[in-house]
Every structure is written in C-alpha cells, then in structure tokens.
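Visitor: I would like a close look at one part of this structure. Could you take me through the strands of chain A, and then show me where the other chain comes in?

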Amino acid sequence: MTDRMHEPTVRTAVVLAAICFGTSAHAIDYQVHGYAAQGFVYSQHNNFFGDSTDGSFDYYEAGISATVEVTPKLLLAAQAAVRDAGISDDGSGRLDYALADYRLLSEATTQAGLRAGKVKNALGFYNETRDVVFTRPSILLPSVYSDNQNQRSLIFTAPGAQAYGSTFFGQHELSFSGTVNAERDVRESDERLLIRLSVPFDLRIGDSWNVQVMDSIDGGKWQFAYSRFVGQFRMTTDINLIGRFDVDLDVFSARYNAERFTLTAEYVIVGNENLLQLRGTPILRQSVEADGGYLQAEYRLRPEWTVMTRMDSFYRNRHDRSGREFAATNPGADRRSQVSHDFTIGVQWRPDEHWGVWAEHHWINGTASLQGLENPPPVRDQRWSMLMLMAGYKF
Amino acid sequence: MKRILAKAFAALLLMLSVVASAQESIPAVDVIVSPSLISTKFDRSLLRAVFTMRLRQWPDGSPIRVFVLPDHDPLSDQFYRERLGMYSYVLRRAWDRMVFTGTGLAPTVVQSEREMIERVRSTPGAIGYVGKRELSESDGQLLRSMSLLLAEGDND
C-alpha cells in the first residue's frame with residue numbers, strides 16, 4: 001500500500017510553506033485544529049459498525065489539521081485522520097486532505113479561486129465534513145451519504161483540482177465548486193466490501209468529477225443546493241475478466257434555518273451502469289437506479305441542547321421499490337434487503353465549544369444499509385433498531 | 001488639548017457605527033477595527049463576507065484578522081443578527097465547514113470584551129465587535145467628543 005503521508009502534494013506544500021515563512025514580511029497566520037470522538041452502537045438483531053448486537057465500540061474518528069495562510073491569496077492546509085466503523089472502515093491512518101488554495105479574486109461581493117492537491121468532493125450539505133461528528137446533524141449520516149455503504153470510497157477525497165467561487169447577488173449568496181479527480185486506487189479494505197470474487201482482483205477508480213452549486217438566501221435562512229458526482233470503478237483480474245461500474249449521483253438539497261429550528265431535506269438519485277467482460281465478451285450488463293431521501297428537523301432547546309428527528313428512506317432500485325421484482329429474479333433473496341426506512345430521534349449536548357455528547361435511536365425497517373460481511377446470511381430480521389452514542393472533543 | 005486627546009484615542013481605538021443598515025434603530029453592538037481601516041465603509045455584505053471568513057484580505061491587500069466572542073455570548077448573537085442578519089449557529093456551521101475541509105481559517109475567539117479591544121488594537125488588519133455599554137463613563141464621553149472633533153477635523 002502506498003504510504004499516503006509521503007505523497008508529493010504534502011512534500012510540496014511543506015516546501016512552499018518553508019520558502020514563504022522565510023521571505024514573508026507579515027506574521028503568517030496559521031491554525032491547528034483537531035477532533036476526536038468515540039462511538040458506541042448497540043443494535044437489535046442485525047450488526048452495524050461492528051458486532052453491535054453485543055454492543056460495539058468499533059466506531060471512532062479522529063483527525064488533526066493545520067491551515068497556513070501564507071498570504072491572503074495563498075492558503076495551505078492538510079489533515080490527517082483515522083476512522084473506524086466496524087467492517088466498513090478499518091481505523092488506518094490516512095491523509096484526509098492536503099491542498100494549496102490560491103485566491104484569484106477577492107472582493108467584498110465576489111471571491112474565486114483554485115485548489116490543488118487532495119481535495120474534498122462537495123456533495124449535499126454534509127459530505128465534505130462527514131467524518132467530524134461536530135458538523136453532522138446526528139451520529140449517523142442520512143442514507144443519502146451511505147455511511148455504512150461502499151459508495152464512500154468513490155466520493156471520498158482524492159488527488160485533483162478544484163475551482164470555487166461565490167458571489168453576493170441581492171439577498172442571494174451563490175456559491176459554486178467544481179472538482180476533477182485523477183485516477184486512484186481503492187484501498188484493499190474497501191475492495192472486499194464492494195466486490196466478492198473468488199479470484200484476485202484489483203479495483204481502481206477512474207477519473208471522476210463533481211460539481212456543486214448552492215444558493216444561500218438572506219444570510220442563510222434558506223439554502224438550496226444541487227450536487228453531481230460522476231465516477232467509475234474499474235476492475236481487473238488475471239483471468240481476463242474486467243469490470244466497469246459507472247456511478248453517477250445527483251443530490252438535491254434544501255434547508256430552512258429559523259432561530260430555534262432547522263428543517264432539512266435531501267434527495268439523491270444514484271445511477272449504476274455495470275458491465276462485466278470475460279475475454280472481451282460482455283457477460284453481465286446491468287443498469288440500476290437507486291434513490292433515497294430524508295426529511296429532518298432539529299430544534300435548539302437551549303444553546304447547549306439540540307434535539308433532532310429524521311425520516312429516511314433508501315431504495316436500491318427506484319423502479320422496484322417493494323423489492324418484489326428483485327426477489328422474483330433472485331430466488332431465495334429477501335426483498336427487504338432492497339430497502340431501508342429509518343426513523344431516528346436524537347439529542348445533542350454541547351456544553352462548550354470543545355465538548356459534545358450525542359445520543360440517538362434508530363428504528364429501521366429493511367436491511368439495505370447492512371454490510372454483508374458483518375451480517376452473514378440468512379438475515380432474518382427486517383425490522384431492527386439501534387442505539388448510538390458518541391462523545392467527542394474538538395479544538 | 002482636546003484635539004491631542006482625540007488623536008491619541010483614535011490611535012488606540014476607533015469605534016465605527018455601521019451607517020448603511022436601514023433595518024435597525026439604535027444598534028447596541030459596534031464593529032471595531034484597527035486604526036488603519038477607519039476609512040473603510042462597512043455595509044452588511046462586506047461584514048458578511050468578512051465574518052463568514054470568505055474574504056481574506058482588505059482592499060489594500062493586507063490580511064483580515066477576525067476576532068469574535070464565544071458563540072454562546074449574548075453579544076455575539078446580537079452582533080450576528082443586527083449587523084450580519086445571520087443566526088450564530090449558521091455562522092458556526094460555516095466556520096466549521098471551512099476548518100474541517102481546509103478551505104479557510106476560523107475566527108479567533110476571545111473571552112471578554114476587554115480582550116477583544118486589546119487584540120483588535122494590537123493586531124494589524126483586525127476587526128471585531130463590542131457592546132456599547134462596554135465603555136466606561138469617561139470613555140463614552142471622550143468618544144462622543146472625539147467623534148465631534150473628527151467631524152470638525154474633516155473640514156480642515
């Protein structure tokens with residue numbers, strides 16, 4: 001496995017910083033931030049983020065970052081992080097992002113710039129900061145973000161270039177971000193979650209791109225966003241079996257922020273085009289569109305206490321929402337593995353700017369969000385629930 | 001003598017009342033900036049761009065240094081609503097998003113208005129806010145007479 005900490009982008013960033021430290025006349029502004037949170041999951045019937053039917057602590061996240069403003073036009077930033085989430089994330093260290101941000105335009109009403117390095121994809125309201133519980137509305141992200149699913153590796157940070165900008169137009173603050181990512185490898189720990197194959201295989205992600213446009217109205221009272229991500233998994237084996245799995249996501253997001261409460265709704269359509277070829281001949285062609293969405297309400301009782309509730313649904317095939325077609329074409333398969341309905345109630349306590357404690361309960365109907373390797377067949381219970389707790393610190 | 005006092009005070013601290021906003025009557029929170037920025041016109045969109053940390057430099061290219069009181073301080077809440085037309089949690093959410101994606105710096109949190117005044121005074125390119133009642137009786141009087149003098153001074 002490549003040692004991510006010595007990627008060329010990090011070395012370049014450090015060298016640039018050293019040069020600029022030596023020559024700049026201004027005192028350079030820099031900040032170091034970090035976060036750490038430990039979670040606990042206790043579930044009925046099915047396992048999630050570890051062996052949770054017996055109570056699992058196999059869920060934690062931590063990261064440390066440094067941001068340096070070399071000049072107001074040039075910002076360097078990097079974050080190293082770890083995350084463990086049962087079988088879906090293995091706790092190994094990784095470079096979360098490492099980038100140079102060059103500001104091309106810096107006026108009161110309009111700003112624009114470019115970023116290069118390992119950059120984050122902007123998808124929906126929460127993808128960019130998904131691994132920091134302090135920026136999530138609840139411990140578990142809505143199904144739009146596939147917290148336990150394999151899509152993470154696809155839309156995760158990757159080496160690339162990004163253009164961004166925002167402008168004020170009357171009551172509207174319009175912002176835009178466009179990213180292209182280079183081809184990259186998929187971690188071995190993620191590979192086995194995505195594909196079950198009896199022969200050795202290698203999985204890579206081909207060039208991908210992502211755009212997001214957001215409109216924030218009247219100081220953020222209303223926020224609307226559209227995000228799109230297009231990428232491709234490429235599988236190669238030694239036996240002349242190759243696979244191409246095209247994925248494209250469209251996310252529609254809306255949020256209303258009032259003094260005490262916030263309402264959020266997001267909807268995603270995931271297009272999958274799968275092709276398997278053996279010795280040049282297509283042996284499998286599949287085209288499936290999944291979708292999912294949620295409606296969420298948060299209420300700030302007091303500055304330190306927030307309660308939330310969410311209704312979330314996910315369908316592996318939006319043209320087969322009951323899963324019956326799937327069960328018909330796959331004898332013995334359970335149709336409830338094609339859907340997941342999650343009703344959540346949660347509470348958050350933030351006694352000060354550093355500490356946070358979260359607790360939530362999920363009532364779930366359907367097993368689409370389960371990891372197969374954590375829940376060997378037969379999966380009997382389509383109705384299940386889980387309690388999640390998390391305590392975290394940030395600075 | 002009065003003129004010297006006024007100039008000395010201006011060198012230490014300058015209070016700016018934001019003029020452009022038509023919505024509020026008499027604001028209870030004032031923006032404070034480093035002396036070099038006294039001629040800058042602060043309207044709502046500029047304040048928003050500065051306090052959301054999107055803008056990193058002043059028109060002359062010098063870096064912006066933003067100071068804020070803690071999120072739960074009622075003065076913060078008041079300032080964000082009156083001057084920016086934003087809720088403090090929306091602002092905090094925007095700052096966290098920047099900090100944890102490497103796309104910006106967070107504002108520096110100070111613990112008291114005294115510390116705020118001290119930091120803004122001593123940091124080039126700084127901006128912050130204080131409540132009007134923060135001034136002692138004598139400071140307040142001095143300021144009122146100073147602003148009159150400055151107005152006179154403009155006519156020279």
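Guide: Happy to! Let us begin with strand β5 of chain A, residues 110-119, which pairs with strand β6 of chain A, residues 158-169, in the antiparallel sense over ten bridges. To find this pairing in the picture, look for A116(A), whose bridge partner in β6(A) is A161(A). Please keep in mind that this is a predicted model.

Now stay with β6(A), as there is another pairing to follow. β6(A) also pairs with strand β7 of chain A, residues 172-181, again in the antiparallel sense and over ten bridges.

Next, move back along the chain to strand β1 of chain A, residues 29-44. β1(A) pairs with strand β2 of chain A, residues 56-71, in the antiparallel sense, over twelve bridges.

How far can you trust what you see? Chain A averages a pLDDT of 89, and 93% of its residues score at least 70. Residues 17-25 of chain A are below 50, and beyond near neighbours in sequence this stretch has six contacts in the model. Where pLDDT is low, the predicted coordinates should not be read in detail.

Finally, here is the other chain. The contact takes 58 residues from chain A and 33 residues from chain B. About 3,800 Å² of area is buried between the two chains, and carbon and sulfur atoms give 51% of that. The rule finds seven salt bridges across this interface. One to look up joins the side chains of E173(A) and R54(B), at 2.3 Å from N to O. There are also 16 residue pairs in polar contact between chain B and chain A. On chain B, α2 (44-51) and α4 (88-99) each supply at least two residues of the side that touches chain A. α4(B) gives the most to that side, with seven residues. The residues on that side of chain B divide into 14 nonpolar, ten polar and nine charged.

Terms used
Residues are numbered from 1 along each chain as its sequence is written. Chains are lettered from A and ligands numbered from 1 in the order in which they are written. This is a predicted model: local features need pLDDT of at least 70, side-chain atom pairs count only at pLDDT 80 or more; totals for chains, interfaces and linings use all residues. Side-chain values use heavy atoms; hydrogens and water are left out. pLDDT is the predictor's confidence in each residue, from 0 to 100. Contact means heavy atoms within 4.5 Å. Buried area is the accessible area (1.4 Å probe) that two parts lose on being put together, summed over both. A salt bridge is a side-chain nitrogen of Lys or Arg within 4 Å of a carboxyl oxygen of Asp or Glu. A polar contact is a pair of N or O atoms within 3.5 Å; within protein, one must be able to donate a hydrogen and the other to accept it, and residues adjacent in sequence count only if both atoms are side-chain atoms. Helices (H or I, at least four residues) and strands (E, at least two) are DSSP runs, numbered from the N terminus. Ala, Val, Leu, Ile, Met, Phe, Trp, Tyr, Cys and Pro count as nonpolar, Asp, Glu, Lys and Arg as charged, and the others, Gly among them, as polar. Two strands pair if DSSP finds at least two bridges between them.
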